[in-house]
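Reader: I've got this one open on my screen and I'd like to walk through its ligand sites. Can you take my questions one at a time?

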Amino acid sequence: MKIAVLPGDGIGPEVTREALRVLDALSLPGLTLFEGDVGGVAYRRHGHPLPDETLAMARQADAVLFGAVGDPSCDTLEAHLRPEQAVLGLRKDLDLFANLRPAKAFEGLEDLSALRPEIAGAIDLVIVRELTGDVYFGEKARGQTEDGRREGWDRMAYAEDEVRRIAHTAFRAAGTRRGKVTSVDKANVLETSRLWREVVEEVAAEYPDISLEHMYVDNAAMQLVRDPGAFDVVLTGNLFGDILSDQASMCVGSIGLLASASLGERQTEYGTFGLYEPIHGSAPDIAGKGIANPMATILSAAMMLRHSFGREDDAARIERAVAAALADGLRGGDLGGSDNCEAIGTAVCQRL
Ligand SMILES: NC(=O)C1=CN([C@@H]2O[C@H](COP(=O)(O)OP(=O)(O)OC[C@H]3O[C@@H](n4cnc5c(N)ncnc54)[C@H](O)[C@@H]3O)[C@@H](O)[C@H]2O)C=CC1
Ligand SMILES: CC(C)CC(=O)C(=O)O
Ligand SMILES: [Mg+2]
């Protein structure tokens, strides 16, 4: 079982280190780790945020464990050299079109949610976000209007097959959960969304036992804080899913808690090839202080064991250990506490 470890920038290396300690504590047989440069650190060492050797390492692995990329000192670089291009490039190159972002209440954490405890306690949803299309990957440019004003544009588009495959992912996921898909779009305004809705309806016909509702993204943002417990599977595009998942994290308690799996169709001898990362970024404001919450990355490693290595028992062990650490009062700064990154990693290891 080969894992390409790509820690990246900012708090990426800090949280990845703790996830690796947890994996190490499980003493899994046959695990081999390879580490590669990615993001701003790769740009400085190799002149590119996603060097060829890193890409080759990811392609040859059975799974990728990714920290985060992003570095304010790179913000003025040409777009294709920005650190963020590394994660976008990996997702596209590896055809990881299905991004699963589960958000579930932790017992004892309801009071730390941005929502009232009785509302927060009911949250148990998964955002199924399309990850290789939409406005993130559309043609983009800067120019000038005819009357000389600066303008910038990004093309938003989805082809029907792109919508169809992510819709199947969502309906299959709903079949293993509470049987409900909420497809989130902006079909009252966007042509892209009108096609999205049409194709989702076609796919829904193949899943008669799953209920489907459509919701505009502005309403979805509101409903997510009004009654998050009403959502089961949220199916949406790249841009809307990015925004709604950060919002969902605060319904649970913190962005430092939400994990993700980015999957495609490629199968290895152990499971589905995937890339696993916390939903947060490189958090430059707290980087280097050792105070980031590594739980999102640790939970991403659990998702890796489940989806890429078929080790459900070990995945559940990690998830129980994280829940137990929270139940025992472990709190990073993001949750108003003072436990540092390493202490949280240690606490999770002790509860495996
Ligand atoms: N997948 C990736 O690599 C992502 C990269 N980014 C990049 O990260 C950089 C920073 O972006 P931001 O918008 O600030 O988002 P961010 O998610 O890095 O941080 C937002 C806020 O949440 C806090 N935070 C995030 N993760 C935390 C953790 N584990 N523990 C405690 N606090 C945590 C940060 O300190 C900050 O106040 C940018 O360059 C951005 O492009 C952003 C999101 C995802
Ligand atoms: C570089 C960004 C597109 C990454 C991000 O914000 C995300 O995937 O959540
Ligand atoms: Mg994001």
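Reader: How far is an oxygen atom of ligand 2 from an N or O atom in the side chain of Arg91?

Author: Some ground rules come before the number: this is a predicted model, where local features need pLDDT of at least 70, side-chain atom pairs count only at pLDDT 80 or more, and totals for chains, interfaces and linings use all residues. Residues are numbered from 1 along each chain as its sequence is written, chains are lettered from A and ligands numbered from 1 in the order in which they are written, and side-chain values use heavy atoms, with hydrogens and water left out. A polar contact here is a pair of N or O atoms within 3.5 Å (within protein, one must be able to donate a hydrogen and the other to accept it, and residues adjacent in sequence count only if both atoms are side-chain atoms). For Arg91 and ligand 2, the distance is 2.7 Å.

Reader: What percentage of ligand 2 does the protein bury?

Author: Arg101 has a polar side-chain atom 3.0 Å from an oxygen atom of ligand 2, and for the side chain of Asp242 the distance is 2.9 Å. Taken alone, ligand 2 exposes 280 Å² (Shrake-Rupley method, 1.4 Å probe; for residues, only the protein chains shown count as cover). Of that area, the protein buries 76%.

Reader: Which domains does ligand 2 lie between?

Author: The residues around ligand 2 (a heavy atom within 4 Å) include Glu84, Arg129 and Ile279. Domain bounds come from an automatic or database domain assignment. Both domains give residues to the shell, so ligand 2 lies between domain 1 (1-96 + 259-352) and domain 2 (110-252).

Reader: What percentage of ligand 1's accessible area does the protein cover?

Author: On its own, ligand 1 has 800 Å² of accessible area. The protein covers 69%.
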